[in-house]
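I'd like to walk you through one structure, starting with a sheet, then its turns, then a pocket. Let me put it on the screen.

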Amino acid sequence: MAGSEVKVLGTWASPFALRVHIALGIKSVKYEWVEENLEAKSQLLLESNPINKQVPVLIHHHKPICESLAILQYIDEAWPSAPSILPSDPYHRAVARFWAAYIDHKWFTWLKGVASAEGAEAKKAALDRVREGLVVVEEAFGKCSKGKDFFSGDRIGYLDIVLGCFLGWLYVAEKRNDVKLLDEEKMPGLAAWAIKFCLDGAVKDVMPDKDELLDYANMVFQAMAKAKLNAPPNY
Amino acid sequence: MAEKKVKLLGFWVSPFVYRVIWALKLKGIDYEYIEEDIFNKSPLLLQLNPIHKKVPVLIHGDRVISESYVIVQYIDETWPHCPLLPQDPYERAMARFWADFAETKLLHTAWLGLCARGAEREKAAKLAMEAVEKIEEVVKGKKLFGGESIGYLDICLGWISYWLPVWEEVGSMQIIDPIKFPATSSWMNTLLHHQVIGDNLPARDAMIEYFQKRSKDLYESDWFKDIIRLHLHP
């Protein structure tokens with residue numbers, strides 16, 4: 001069934017595209033990576049994801065699949081041989097899906113909020129919220145991992161990928177704001193997990209270099225600030 | 001495991017709770033319903049869903065599951081008869097994609113339309129209609145998203161058939177024009193006439209009254225001012 005041409009449309013800096021990289025790596029699936037330029041989206045991207053026009057897109061058997069969480073589950077189901085990405089038990093799958101939704105809809109929104117917060121007070125509040133969210137996830141890590149290295153146990157899985165893809169951008173937020181967010185004292189479980197995650201075989205060769213990401217982020221935010229200064233009022 | 005007692009913590013008018021009710025009824029699963037007052041949350045709810053403090057919450061034996069679409073998938077995987085998600089991985093991915101799309105692009109904008117006024121209401125309704133245009137293409141030529149029988153996507157989008165017309169009425173806005181969206185309108189009708197859905201809906205009059213008050217209260221709230229800024233003036 002699987003084994004036909006597999007293509008991924010993504011960008012090197014996208015944490016969501018990184019999820020797909022890692023998942024295909026876990027399954028040892030060979031694929032072609034198409035680096036998209038989001039300023040000049042390819043015809044293939046616009047045709048494959050006409051709804052959102054965003055990366056990542058997985059193209060398998062010429063059929064496009066969009067939305068990183070849907071893609072992760074697709075990869076697990078289309079290549080069902082071990083190792084699996086989602087747990088096998090329905091309850092543990094539900095727990096993994098619940099925390100994936102929390103990380104994407106709540107925590108990542110707060111992380112993005114750090115960049116858009118204006119003024120020292122708002123920045124501090126935004127950073128505190130990110131840290132508080134990590135404390136909540138630290139507790140979830142304890143329950144999910146049950147003393148093992150990863151959310152999924154001995155090997156990385158769904159929730160590890162969902163959170164782990166943001167580690168580069170978390171580093172960016174720490175450096176740009178000169179704060180510690182993933183604090184070894186407050187979140188010892190996650191701090192240890194982060195190191196092991198980045199060293200995992202399916203992660204280390206595809207995870208973007210964090211300092212390159214920082215340079216890129218600085219450039220992007222600088223350009224955005226400039227554009228804002230020059231933009232007419234939005235009334 | 002499937003034989004353990006099932007309980008559902010819900011709120012009488014929540015479309016999210018009804019997703020779970022429909023999934024349980026379609027599978028013929030017995031459950032105890034516990035009504036929660038979301039304006040005066042019980043210690044039980046706060047204990048079972050400390051992260052979001054929201055309904056629905058499903059209790060299955062000693063397992064607690066929150067988030068409606070997580071619960072529906074849990075139900076589908078624990079009681080695999082009468083499957084809700086398609087079998088094919090690509091079709092499953094499509095169902096998950098469109099469920100997410102409808103939630104973020106239609107439900108949120110329609111809700112904003114209900115709570116907003118004037119130009120902002122119009123803008124929200126316009127965004128909601130653009131979302132329906134996309135959904136129309138997906139449901140065209142189908143009786144139901146699940147084919148001949150109700151599936152995961154029908155359950156996740158089912159609120160469109162009953163809650164959305166109420167919000168349209170309360171908000172004096174039209175999002176589903178049956179002439180512009182014949183396939184969606186036909187699907188809505190099919191769903192409402194399905195025994196499990198049609199027999200499991202809150203009373204319309206009570207809904208109108210509830211959402212009239214909710215619309216007024218939220219319009220005046222700080223939450224709303226932030227949300228409007230975030231979604232309509234990014």
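So, start with the sheet in chain A. There's an open sheet of 4 strands here, in the order E2-E1-E3-E4, and the pairing is mixed. The edges are strand E2, residues 32-35, and strand E4, residues 63-66, each of which pairs on one side only. On average, neighbouring strands in this sheet are turned by 20 degrees against each other, direction ignored. And before I go on: this is a predicted model, so keep that in mind throughout.

Let's stay with strand E3 of chain A, residues 57-60. What does E3(A) pair with? On one hand there is strand E1 of chain A, residues 6-10, joined to E3(A) by 4 bridges and running antiparallel. On the other hand there is E4(A), also antiparallel to E3(A), again over 4 bridges.

A handy residue for finding your way around is A:Leu58. A:Val8 has A:Leu58 as its bridge partner in E3(A), and A:Leu58 in turn stands opposite A:Ile65 in E4(A). Further along, A:His60 sits opposite A:Lys63 of E4(A).

Now the side chains. In a regular strand, side chains alternate between the two faces of the sheet. Which residues of E3(A) point which way? A:Val57 and A:Ile59 go one way, A:Leu58 and A:His60 go the other, and all of them are buried.

Next, the turn. E3(A) and E4(A) make a hairpin with 2 residues between them. Have a look at the backbone there. A:His61, in the loop between E3 and E4 of chain A, has a positive phi of about 55 degrees even though it isn't a glycine. A:His62 lies in that loop between E3 and E4 too, and its phi is near 65 degrees, again positive in a residue other than glycine.

Are these two histidines buried or exposed? A:His61 has 30% relative accessibility, so it counts as partly exposed. A:His62 has a relative accessible area of 69%, and since the cut-off for exposed is over 50%, A:His62 is exposed.

The peptide bond between A:Val55 and A:Pro56 is cis, with omega about 0 degrees. A:Pro56 sits in the loop between helix H2, residues 43-48, and E3 of chain A.

Over to chain B. There's a cis bond here as well, from B:Val55 to B:Pro56, with omega near 5 degrees. B:Pro56 is in the loop between H2 and E3 of chain B.

Then comes strand E3 of chain B, residues 57-60. B:Val57 and B:Ile59 point one way, B:Leu58 and B:His60 point the other way, and all are buried. Strand E1 of chain B, residues 6-10, runs antiparallel to E3(B) and is joined to it by 4 bridges. E3(B) also pairs with E4(B), antiparallel, over 4 bridges. B:Leu58 is the one to click on: it is the bridge partner of B:Leu8 in E3(B), and its own partner in E4(B) is B:Ile65.

And which residue takes the positive phi in the hairpin of E3(B) and E4(B)? That's B:Gly61, near 65 degrees, in a hairpin with 2 residues between the strands.

Okay, let's move to the helices and one arginine. A:Arg97 is in helix H4 of chain A. Is A:Arg97 buried or exposed? Its relative accessibility is 3%, and because anything under 20% is called buried, A:Arg97 counts as buried. What does A:Arg97 touch? Leaving out residues up to four places away in sequence, its contacts are A:Gln73 and A:Tyr158 in chain A, and B:Val70, B:Gln73, B:Glu77 and B:Arg96 in chain B.

Last stop, the second largest pocket. It holds about 1000 Å³ of space. It is lined by 39 residues, and the closest to its centre are A:Val95, A:Ala96, A:Trp99, A:Lys143 and A:Cys144.

Which elements build that lining? At least two residues each come from helix H4 (90-116), helix H5 (120-145) and helix H6 (158-164) of chain A, and from helix H2 (43-48) and strand E4 (63-66) of chain B. H4(A) gives the largest share, 7 residues. By type, the lining splits into 23 nonpolar, 9 polar and 7 charged residues.

That's my tour, thanks.

Key: Residues are numbered from 1 along each chain as its sequence is written. Chains are lettered from A and ligands numbered from 1 in the order in which they are written. This is a predicted model: local features need pLDDT of at least 70, side-chain atom pairs count only at pLDDT 80 or more; totals for chains, interfaces and linings use all residues. Side-chain values use heavy atoms; hydrogens and water are left out. On a 1 Å grid over the protein atoms alone, a cavity is a set of points where a 1.4 Å probe fits but cannot get out, and a pocket is an open set with protein on both sides within 12 Å along at least five of seven lines; lining residues have an atom within 4 Å of a point. Grid points are joined across faces, edges and corners, and a volume is the space filled by probe spheres set on the points. Ala, Val, Leu, Ile, Met, Phe, Trp, Tyr, Cys and Pro count as nonpolar, Asp, Glu, Lys and Arg as charged, and the others, Gly among them, as polar. Two strands pair if DSSP finds at least two bridges between them. Axes are lines fitted to C-alpha atoms, for helices over the stretch in contact, and angles run from 0 to 180 degrees between N-to-C directions. Buried means under 20% relative accessible area, exposed over 50%, partly exposed in between (1.4 Å probe, protein chains only). Contact means heavy atoms within 4.5 Å.
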